[in-house]
Amino acid sequence: MILFAISVSVLSGNIIGNYQNPGHPDKQRQLDVVAAQIDIWFGDYSLSWEAIYEKLDSLQMETAKRAGERSLAVAYVIHKKGVVQYNLGRDGDLNAFHKAIQLYKEAIAIREQFVENNQEVLPDIINGINNVAGCHLKLNDPFAALSNLSKGLSLAYNYQHEKSVVDITLYMYNTSARSYSAIGDYDNALKYYEYTINFSSEFQDSSLAAKIDVWKIRAYSELASVQANYLNSPEQAILNLNTAKDLLELRYPARKALLAEVYHNLGISYQRLERYHQAIDFYHGSVRINKELDNTSMLAGNYLNLGAIYNSRDQLDSASWYVSQAQEIYQSLEQYYNLSLVYDNLADIEYKKGNYLQSVELDNQSIAYLVNDFTPATIYANPSIDAGNIPDKEGLLVSLDSKATTLLTLFELTDKRVYLDHACSTFILADKLIGLMRSDFIADASKLSLGNRAKTVYEHAVSALYHLYEITGNDSIFTQAFKLSENSRAVTLLDAVRKTGARNSISSQLIDNERMINLKVNYFEKQHALSIREETNEGISETIDSLLLYRRKHDSILSIIEKKFPNYYGLIFNQQTVAPDVITESLGENQLFIEYFVGDSSLFIFAIGADTSIVIRSHSVDSIRGWSSQLNRSIISQDQSFLRPAYQLYLHLIQPIEQVKSLPAQLIIVPDGILNLVNFETLVTTFPDSNRVYFPDFKDFLLYKHQISYAFSATTKTESQIPARSVSRVLLAIAPSFQNSFSIQDNFFDKLEWNIYEVEQIGKLFSNRSLINGDATKQSFARLAPEFGLIHFATHAKADDSQGDLSFIVFGENESEVLYAKDLYTLDINADVVVLSACQTSIGPLSKGEGIISLARGFIYAGASSVVTSLWNVRERTNNNIILEFYDGLKHGLSKDQALREAKISFLQSLTAADQQLAHPYFWGPLICIGNPDPIEIQAGSWPKVILLLTLIIAFLYFFRNRLFLSKR
């Protein structure tokens, strides 16, 4: 299903200068006369832009004679000539934008001569700079636009209390946001939209207030378009769009074109949420306005998306009608590029009708519009994938997935191997495309959105390769299937782990330069591909020149990085995920690596040992999801109903592996989807006969049979195994004092009675710096954290199930002492292990392809090698006993997973008959170890050794001096 997004262009402003007397009344009168005359011409709709330009040419010569060639009146005329050229450019003459830039700059240069003695010139200078930026954006050079906008906004900031600058500033915010959005830097795009939305003016002027409102409405709408189309946040988009809709309908109903856009974007957002009834209503609202305004381009988008909705609802006749309407409009407008969307929808319709071969043919037609120089000779033909020949990578990904999935369906229906072979080759091509797409994004939000979309593609791809592996038994097919499973998960986290491993070896300025040049290469590759596809020659030479320039610059900077910083180069510019043979080499005889892939309709289990590689498929994925949810709910309820889902999960997740090979003592598990919420130690290998189980004697938990650790992916685990962290101190322990109950953001927290005791006891095992009571502040932690190899939190925490980045750790009894998960992304953590002895530190929303966005993930992101974290609320006293045993195990050289397991077993063995209720997994099960489970190897910095050496030298000198003194006596 394809959604059609409208990108909104903002018209160039015609802001007239508001000069006071520039030094001479005659010159002011000349300026006023010139401005009045130009206003008349611009208001005369019988005059063409060419005719107005001729009049302005004559007026410029006449004004130059009277006021001087470098006068403000002449600058005003030149600026207006730039406005005319801008409008000619909007009518299709791209060269006019270049002329407009020259004219705007000429006017700016004249006005800059007057700034020192006449600050009133500044608004028009700022406006000119903004118009130059607008032209660059129209010429598909958002980088040049941003360069000018930076200068304009800097000037505007120094002049922000003048009414004349308000409208220009908002204009520049909008242009900045659209420029950042064009290059895929959505973090900065959102920032500038929010600047507009939060803008407040000190001026009580109804006309200005109306302008501000319209800019805010536009910001709400465009921000929502980014959220719905690129950041996978349709709920937030709807909130913003409803604000824009209410403002338009109540205050500015005459702004019909903007209202049509808002309705269209609301349709997209509701469609993303599969709330089709509401989506249809808003699309029809947009259709009515677009028909009235004869806005055929957006109308085609309305029709196309309506067709996609009816297709989703299996109302195929209605779907075909709407898609055909969109097709007619795009053909009449010669927007051949958008026909790829049409053919993709038609392919989906034919698939649902059971016309699979026709569906593949239509997918190929869609692909032909999305890849330059691709003309499919047969249904099996595939294009070559190169960043320079693809105008729309996201659209191509949809079409490749659709084609490959249809070929897979043909294989499953006919058992003809040819369909399967070509399905697999097409999916592998899609994987290559996803790799190219990842280099386009720099914002984590957009990477998460890509991961969410790509996960479905990877499920189809792994299914196809699984079929092929069943037929051939070829190890290379297993390797390819595992590679795709790895490519589907924890991409942003992997980027962070790699940067953590290399960031100390290279300057941030060099990193930022490479990042920006890479964005420029990606952008101009897309523009070049688009210009070829649309067969437009205007501006193509400039695009090619820019592309070649930035490719050379990028090659040059990569060469510097490769030579001077080979470690960083190898980590960051290598997108390879770890292969099964690398995992095999890293495993001992008593270890087994298990990776789960949870799709929408299938679950795959990859098991890799020192001598075995297994892949198992299950179609019980819906049941597994249900059992996983039931398991956690039942454990938290502290009753015995958890035993049934715990046993069912064992039967479906662990026993299938045991049926092929016996399980070794140590399991390294990479969960996926809802399995991230399951502690596998709580699964049971037998279902008890008795209605009541005496848990102190119950030994059928996996806890007793296996030592278990977890990882976000095989690759993050491998690359987080950084040897011997270079830190100057060993343990940082944090324990705020909470003597009373309190609340933060409507979350209630009890007082803590054992946290300070816990920190004091751990401090007896390791050299430590304790932050307790009032010293345990967020600022102190952020300052000290990089110095320590072990970090321990004994405090409150709270998970946010809807927005994981808003999960937080509590340092004090007010919101200023809250550390959010998103705050961790900017910290530099060097710890071998971070222990979160708090509640719900590994809980958060599930993100397809990324796992749980949680505090635990945040610490791994910030650089921690491993994290001990909790899946549900912990009981303070019980948790305290397990944690102290865990640290004692670390002190004696145990691996982290072994130390944690033995601490839990020791706790269970210590229980008396009076404590039997504490044997329930609710009390011992929340803590898990994620990341590198190896024993701690912390190399403290050299200062302790230096101090010891100096102490010995001083002692020696003192001893020698006394001996010498005695001998002289």
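**Entry 1: the whole protein**

I began by looking up the secondary structure, and the protein has 38 helices and 20 strands, where helices (H or I, at least four residues) and strands (E, at least two) are DSSP runs numbered from the N terminus. I note that this is a predicted model, in which local features need pLDDT of at least 70 and side-chain atom pairs count only at pLDDT 80 or more, while totals for chains, interfaces and linings use all residues. Residues are numbered from 1 along each chain as its sequence is written, and side-chain values use heavy atoms, with hydrogens and water left out.

I then looked up burial and found that 57% of the 969 residues in the protein are buried (under 20% relative accessible area, with a 1.4 Å probe and protein chains only). Of the contacts (heavy atoms within 4.5 Å) with a separation of 6 or more, 72% come from residues 24 or more positions apart.

**Entry 2: helices H4 and H5**

I looked at how H4 (residues 94-112) packs with H5 (residues 122-138), and I noted an angle of about 160 degrees with the axes 9 Å apart; these axes are lines fitted to C-alpha atoms over the stretch in contact, and angles run from 0 to 180 degrees between N-to-C directions. H4 and H5 are therefore roughly antiparallel to each other, a term for angles over 145 degrees.

For the residues that meet, I listed some from each side: Phe97, Ile101 and Tyr104 are among those in H4, and Ile125, Val132 and Cys135 are among those in H5. By class, the contact of H4 with H5 has nine nonpolar, three polar and five charged residues.

**Entry 3: Thr777**

Where is Thr777 placed? I found Thr777 in the loop between strand S10 (768-772) and helix H32 (778-784). Thr777 has a relative accessible area of 19%, so it is buried. Its side chain is joined to that of Ser780 by a polar contact of 2.8 Å (a pair of N or O atoms within 3.5 Å, of which, within protein, one must be able to donate a hydrogen and the other to accept it, and residues adjacent in sequence count only if both atoms are side-chain atoms). Leaving out residues up to four places away in sequence, I noted that Thr777 touches Phe811 and Glu817.

**Entry 4: Leu819**

With a relative accessible area of 5%, Leu819 is buried. Leu819 and Phe808 are 11 residues apart in sequence, and their C-alpha atoms are 5.3 Å apart in space. Not counting residues up to four places away in sequence, Leu819 touches residues including Lys778, Phe781, Phe808, Phe811 and Leu855.

Methods
Parallel < 35°, antiparallel > 145°, perpendicular 65-115°, else oblique. Nonpolar A, V, L, I, M, F, W, Y, C, P; charged D, E, K, R; others polar. Buried < 20%, exposed > 50% of the residue type's maximum accessible area, 1.4 Å probe, protein only.
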